[in-house]
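Open the model in your viewer and keep the sequence panel at hand. We will go from stop to stop, with something to select at each one.

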Amino acid sequence: MDRTKQKIIEATISLFVSKGYKGTTTKEIAKASGVNEVTIFRHFGNKRGLFEAIIDSLTFQQVFPDDFSETLSWDLEKDLLVISKKYHETLDSISDLVLIGFREAGNHPELNDLISKFPKSFKTIVYNYLLEMRKQNKLIEVNIELQAMNFVWLNFGYFISKSRFGQQIISVEQDEFLEQSILLFARGLTP
């Protein structure tokens with residue numbers, strides 16, 4: 001991504017966090033990123049196009065490099081822990097934006113499709129991993145898509161609870177939560 005686009009995206013994320021999607025104007029984005037408003041329209045079309053570019057830049061296909069599978073040990077519990085930690089590292093870095101996305105989607109239903117790209121991309125990563133584990137006979141016969149979604153919900157549920165409520169719902173630290181949850185999840189899927 002070229003430097004101008006990156007500056008615009010970074011400024012937009014910052015403004016969305018402080019003012020929300022609706023409260024942020026392209027004029028403010030231009031000022032904050034040091035470009036003309038026309039530059040935003042040329043690169044992204046409109047504010048919705050800019051929001052879409054932000055979501056696309058944050059999908060897990062971008063977060064996990066193409067050679068990610070080469071770093072895996074093909075040990076279900078260990079790999080799922082690595083995948084989860086990368087997921088939480090990414091979500092933690094954009095937690096305000098994720099929460100704003102949910103809040104704004106109620107006012108702008110067209111954003112739901114854009115926001116759903118993020119969990120869909122994570123589901124695809126997990127689905128493909130579980131599918132390969134089944135091919136290697138390291139996974140019991142189950143509905144892979146359902147188990148991928150269970151894993152997404154396990155991780156996203158913890159993220160939302162932590163982001164929204166802090167330790168009011170669960171006082172267990174993230175590492176312990178992930179280790180214990182993945183231990184049970186992996187045991188349930190291992191032949």
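This is a predicted model: local features need pLDDT of at least 70, side-chain atom pairs count only at pLDDT 80 or more; totals for chains, interfaces and linings use all residues.

Start by selecting helix H6 (residues 76-93) and helix H9 (residues 144-165), and show their side chains. On the H6 side, the residues that meet H9 are Leu-80, Ile-83, Ser-84, Tyr-87, His-88, Leu-91 and Asp-92. Facing them from H9 are Phe-151, Val-152, Asn-155, Phe-156, Tyr-158, Phe-159 and Lys-162.

Now hide the side chains and look at the two helices alone. Two packed helices are described by the angle between their axes and the distance between the axes. Here the axes of H6 and H9 come within 11 Å and cross at roughly 35 degrees. The crossing is right-handed.

Next, select Ile-40, Leu-76, Leu-80, Ile-83, Tyr-129, Leu-130 and Phe-151. These are the residues with the most contacts inside the largest nonpolar core, which has 49 residues. Which domains does this core draw on? At least three of its residues come from each of domain 1 (3-54) and domain 2 (58-188). In soluble globular proteins, nonpolar side chains tend to be buried together.

Setting aside residues up to four places away in sequence, Leu-76 touches Tyr-129, Leu-130, Met-133, Leu-139, Ala-186, Leu-189 and Thr-190.

For the next stop, go to Thr-24, in the loop between helix H1 (3-23) and helix H2 (26-33). Is Thr-24 buried or exposed? Thr-24 counts as buried because its relative accessibility is 1%, and the cut-off for buried is under 20%. Show what surrounds this residue: beyond its neighbours within four places in sequence, Thr-24 is in contact with Leu-15, Phe-16, Lys-19, Ile-29 and Lys-47.

Finally, zoom out and colour the chain by domain, with domain 1 covering 3-54 and domain 2 covering 58-188. The C-alpha centres of the two domains lie 28 Å apart. Switch to a cartoon view and you will see 10 helices and zero strands. The C-alpha trace spans about 60 × 40 × 25 Å along its principal axes. Of the 191 residues in the chain, 43% are buried. If you draw the contacts with a separation of 6 or more, 70% of them are between residues 24 or more positions apart.

Methods
Residues are numbered from 1 along each chain as its sequence is written. Side-chain values use heavy atoms; hydrogens and water are left out. Helices (H or I, at least four residues) and strands (E, at least two) are DSSP runs, numbered from the N terminus. Buried means under 20% relative accessible area, exposed over 50%, partly exposed in between (1.4 Å probe, protein chains only). Contact means heavy atoms within 4.5 Å. A nonpolar core is a set of buried Ala, Val, Leu, Ile, Met, Phe, Trp, Tyr and Cys residues joined through side-chain atoms within 4.5 Å. Domain bounds come from an automatic or database domain assignment. Axes are lines fitted to C-alpha atoms, for helices over the stretch in contact, and angles run from 0 to 180 degrees between N-to-C directions. A crossing is left-handed if the near helix is turned anticlockwise from the far one by less than a right angle, and right-handed if clockwise.
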